[in-house]
Amino acid sequence: TPSVEPTAGPTGTPSVEPTAGPTGTPSDEPSRKQTSSPSATPTISNSSNPSNNRSNAPSKEIVLIPPPTVTPTNTPSLTPSTSYAPSFPCNITPQSRSDQLADIIYNVSLSTSAIDIVDMFHNEMTPQFRAASWLVNEDAFHVCPSSINVVQRYVVALIYFQMNGDSWTNCAAASASPMCEVDNQALKGDPFLSASHECSWAFLKNFN
């Protein structure tokens with residue numbers, strides 16, 4: 001029992017003066033009531049002076065793309081597609097087609113012409129050279145050496161160049177004049193040197 005009877009009301013001052021600072025150890029019994037304010041004011045916003053030193057490592061690593069492999073793999077990721085030989089018209093290379101057509105034209109000219117065959121195909125102004133060059137390099141019909149109309153197509157082109165067909169007012173090559181008007185309906189046809197079959201050209205339409 002206390003040595004002194006308790007007072008009827010609270011005293012103005014505690015019976016024992018409080019210590020000036022916190023004690024080294026907490027009291028045996030914790031307080032049962034909340035304190036009116038926390039012991040330290042929490043930080044509400046970011047600190048005004050961030051640290052100048054970098055952290056040793058990020059708080060969490062974020063990887064956006066997978067890292068490359070350290071060493072190459074032994075096999076490719078996808079099997080490469082098998083390459084095939086390029087396809088050519090007539091199933092032969094352009095050079096082979098040119099050589100074979102030149103041989104055919106040369107043999108035809110050799111057997112039918114009295115003109116020097118060497119000059120004929122080395123002079124760019126001769127009708128023979130122009131017809132052969134057109135057939136091999138420019139003709140959109142793209143005749144093959146194995147075709148039965150190689151000679152016929154060359155001969156018709158030769159006639160065109162021999163008669164200075166580019167100067168015709170009618171049915172000249174499409175590059176010179178796209179018009180082809182013929183009074184005789186039976187003779188109407190495509191302009192000379194067209195990409196169609198030579199038997200479809202004007203004046204030759206029914207010549208088959």
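**Entry 1: the link of Cys171 and Cys180**

I began with Cys171 and Cys180, which are joined by a disulfide with an S to S distance of 2.2 Å. I took a disulfide to be a pair of cysteine sulfur atoms within 2.5 Å. The model is a predicted one, in which local features need pLDDT of at least 70, side-chain atom pairs count only at pLDDT 80 or more, and totals for chains, interfaces and linings use all residues. Residues are numbered from 1 along each chain as its sequence is written, and side-chain values use heavy atoms, with hydrogens and water left out.

I read 85° about the S-S bond of Cys171 and Cys180, a right-handed link. I noted that both cysteines are buried; buried means under 20% relative accessible area, exposed over 50%, and partly exposed in between (1.4 Å probe, protein chains only).

**Entry 2: the link of Cys90 and Cys144**

How many disulfides does the rule give? I found two. Cys90 and Cys144 form a disulfide with their sulfur atoms 2.0 Å apart. The torsion about their S-S bond is about -90°, so this disulfide is left-handed. The pair links distant parts of the chain, 54 residues apart: Cys90 lies in the segment before α1 (94–112), and Cys144 in the loop between α3 (127–138) and α4 (150–162). Helices (H or I, at least four residues) and strands (E, at least two) are DSSP runs, numbered from the N terminus.

I recorded Cys90 as partly exposed, at a relative accessible area of 23%, and Cys144 as partly exposed, at 22%. With the bonded cysteines of the protein chain numbered in sequence order, the pairing reads 1-2, 3-4.

**Entry 3: Pro145**

I next looked up Pro145, which sits in the loop between α3 and α4. Is Pro145 buried or exposed? Pro145 is buried, because its relative accessible area is 13%. Setting aside neighbours within four places in sequence, I listed its contacts (heavy atoms within 4.5 Å); among them are Cys90, Ile92, Arg97 and Val150.

**Entry 4: the nonpolar core**

I then examined the largest nonpolar core, which has 23 residues. Such a core is a set of buried Ala, Val, Leu, Ile, Met, Phe, Trp, Tyr and Cys residues joined through side-chain atoms within 4.5 Å. The residues with the most contacts inside it include Trp134, Tyr154, Phe192 and Trp201. The elements giving two or more residues to this core are α1, α3 and α4, and α4 supplies the largest share, seven residues.

Beyond its neighbours within four places in sequence, Trp201 is in contact with residues including Trp134, Arg153, Val156 and Phe192.
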